[in-house]
Amino acid sequence: RQEKFIRAGLANVEGALRDGTLLVIIVLVVFLMNVRTTAITLTAIPLSILATAIVFNAFGLSVNVMTLGGIAVAVGELVDDAIVDVENIFRRLRLWMIGGKKENRESVVLAASQEVRNSIVYATVLVAVVFFPIFLMPGIEGRLIIALGSAYLVSLVASMAVSLTVTPVLSALLLNDSSLIGHEKETRVVQKIKERITPWIYWCIANVKIIGSVTIGALFLTVGMYYFAGKEGIPPFNEGSMVTMVFLPPGTALSTTNEYMTRLENAVLKVEGVRQVSHIAGRAPADPHGGSANSSEMQIAIKPEYEKEYDRIFSDIQAVLDRFGNADFSLGQPITHRVEMLLSGVRAPIVVKVFGDDPANMEIAAKQVVAELKKQKGISNARIQQNTVVPEFRIYVDQNRLAEYGLSPGPVASDIEMGLMGDKLGQVRLGPASVNVVSYFDAESKGSMESLRDLALPFKGAESLGSVGDVRIEGGRNSLDHEGGKRVLVVSANYQGSDVVGAVGGAKAVIESQKLPVGVTLSFEGNYKSQKESSQRLAFVFIVGVVMIFGVLYHAFRSIPITFLVMTNIPTVFIGGMVGVWLTGGSVSLAHLVGFISLAGIVSRNGIMLIGRSLSLVQKEGLPFTSETIVKATLDRVVPVLMTSLVTALALVPLLTSGGESGKEMLHPLAVVIFGGLISSTIISLFLTPALFYRFGKEAAMRSSKVESTGF
């Protein structure tokens, strides 16, 4: 029952959302050490989720695993804008109290909020613009990603609105004089952090070539890690159940199929973790998934306590199938099979379609494909679509004899067709229903060669079929499928591993180097084609996103050099992201790639805050462009940079753990990349960005100070 998978997925994502919120609270308490500032910051979470629910309700969107997952991924980011605002307001109020309270407190709050307002707006806009092209993704992958991205973006925009409106108001109301008593100094955690990183920032400024070279070297290693990593499409679901398609030889009687399936069921039930097994043998022709009596579908339910052992159970069931002969198998999961049907029209992850005109040549090519697929690690159950020669009656009408009687083949063929296949004569009423009345030959008249020859025809001189033609028993294909106007023969296979693209790609390279029969062409589809096409689309989306980021940053800073300096943070996300990929299996899926795209916008916030503060000190406060000024700007923003990165990263921990649980299949790889990328980019940005800005940004900073202020 798909209900169990849906309920389990929703429960797991809701739990991750709850646990992520708790981790966010812990980070805020550790850094702020103030109940009121923590409470003000946390209001962004419920208000943002409420706004998201209102928007979803207004547009008729549903709450599902993907939309809840989008909020779970964003829960740490929901407080980022509020953190930046509250931290700066609290810091300014602390300085205001130490300086003798020369200004009105509300004015200080307003000025402090306005000081970081542009950083908040531009940071959110960057995340939005880099995510926007994803909404143009087609296919089943696009449907999944768009659902996740919709909730993610709506909640982020809502959090920005909260930080620009509710947060300053609550700060003005709650951060009174009594709340500032005892907080004249920064917390011990913040003081220790600043003490430790200050000498390192100075060292990086003095040795920018060294840290730059190390970063570039790490990026080259990251490229190698991606090249050698496995590649897969949509991460496999953990549905808590499996399904096995069984294909016995064509012509197998229904009773024989049921007997075979009973023996197979008893063997599968002995696998540890299997709760229940059932099967369907054959399907009616009108069924959307119709099948003949030789085919069967076996459903396998897994015990809930064994769902985390999916890979082991899959392998054990596959071992049982390998022991049973005389049949072809396809092992998968119910919903996954439906997704595979949408991708290629075949219920299997690996699909190779053989196109041609001659069935014999197509069969030869299909056997070549199967042979190479079986050599690849992780590929199992490679099979050719049942396209065997079966005995059939063939009627050859003699046109010369028909001509003697003044007949043409058309009327004779039409009459035979009506008798053998049935002809609708009309309808009769049976209660409220209308029932068709169909006329056709009885079974005795068409069940043997003699009876077919004796079939009466309503033509003068041609009293029987045998008088105008011959009836023969010959071999014929049990099925002939067409696609795109050409005959097609399908080769399919299962895969259990982490590099379906590499496995299929290896077989493809060998097959293409071999000589195929004349007139035969191959099309490699399924997850292989899906991953290839989706990766290319996401690469294009990433490039478009980076271009849009450049445009937004240039609008913010009015300087190409400063824009490039901010964007230096973007490549650093690949370092931590790929380390995370290798620590969790070494395979890159489409969900990982979406994580890299979202990071491009997230990490730009750090560069905006660090460089924006340096520009503010130089342009507005008149400080000289020196290493001391750059260090001061970095220390002024180190707390919001660390806090925003930590809450975003730690809020993903519930999604990092138990990644195989239902509902977390798409979210786990997304969280792995964002978590690892945030760690690497945050650490590097705190040291590399100030060093690069001091080395290359002086001229741009001095020039921009003479034109209209950028707002930072």
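Contact here means heavy atoms within 4.5 Å. The model described is a predicted one.

**Overall form**

The protein has 712 residues, of which 52% count as buried. Its secondary structure amounts to 27 helices and 17 strands. The radius of gyration is 34 Å, whereas a compact globule of 712 residues would have one near 27 Å. Along the principal axes, the C-alpha atoms fill a box of roughly 120 × 60 × 50 Å. Among contacts between residues at least 6 apart in sequence, 79% join residues at least 24 apart.

**Helix H2 and its cover**

Helix H2 spans residues 35-42, and its buried residues are Thr 37, Thr 38, Ile 40, Thr 41 and Leu 42. These buried residues are covered by elements that include helices H1 (2-32), H3 (44-58), H5 (80-98) and H7 (139-174). At the start of H2, the backbone nitrogen of Arg 36 has a side-chain oxygen of Asn 34 within 2.9 Å.

**The largest nonpolar core**

The largest nonpolar core holds 123 residues, and the members that touch the most others are Tyr 152, Ile 549, Phe 557 and Phe 693. Helix H26 (residues 667-696) gives the most to this core, contributing 13 residues. In soluble globular proteins, nonpolar side chains tend to be buried together.

Which residues does Tyr 152 contact, leaving aside its neighbours within four places in sequence? They are Gly 70, Val 73, Ala 74, Glu 77, Val 127, Phe 131, Ser 598 and Ile 602.

**A four-stranded sheet**

Four strands make up an open sheet with antiparallel pairing, in the order E3-E4-E2-E5. Strands E3 and E5 are the edges, each pairing on one side only. Direction ignored, neighbouring strands of this sheet are turned by 15° against each other on average. Helix H11 (residues 254-269) packs on the sheet and touches E2, E3, E4 and E5. The direction of H11 makes about 170° with that of E3.

| Strand | Residues |
|---|---|
| E2 | 241-247 |
| E3 | 274-281 |
| E4 | 295-302 |
| E5 | 328-332 |

Between E2 and E4, the antiparallel pairing runs over seven bridges. In one of these strands, E4, Ser 296 is the bridge partner of Val 246.

Terms used
Residues are numbered from 1 along each chain as its sequence is written. This is a predicted model: local features need pLDDT of at least 70, side-chain atom pairs count only at pLDDT 80 or more; totals for chains, interfaces and linings use all residues. Side-chain values use heavy atoms; hydrogens and water are left out. A nonpolar core is a set of buried Ala, Val, Leu, Ile, Met, Phe, Trp, Tyr and Cys residues joined through side-chain atoms within 4.5 Å. Buried means under 20% relative accessible area, exposed over 50%, partly exposed in between (1.4 Å probe, protein chains only). Helices (H or I, at least four residues) and strands (E, at least two) are DSSP runs, numbered from the N terminus. A polar contact is a pair of N or O atoms within 3.5 Å; within protein, one must be able to donate a hydrogen and the other to accept it, and residues adjacent in sequence count only if both atoms are side-chain atoms. Two strands pair if DSSP finds at least two bridges between them. Axes are lines fitted to C-alpha atoms, for helices over the stretch in contact, and angles run from 0 to 180 degrees between N-to-C directions. The radius of gyration is taken over C-alpha atoms; the globule rule is 2.2 Å times the number of residues to the power 0.38.
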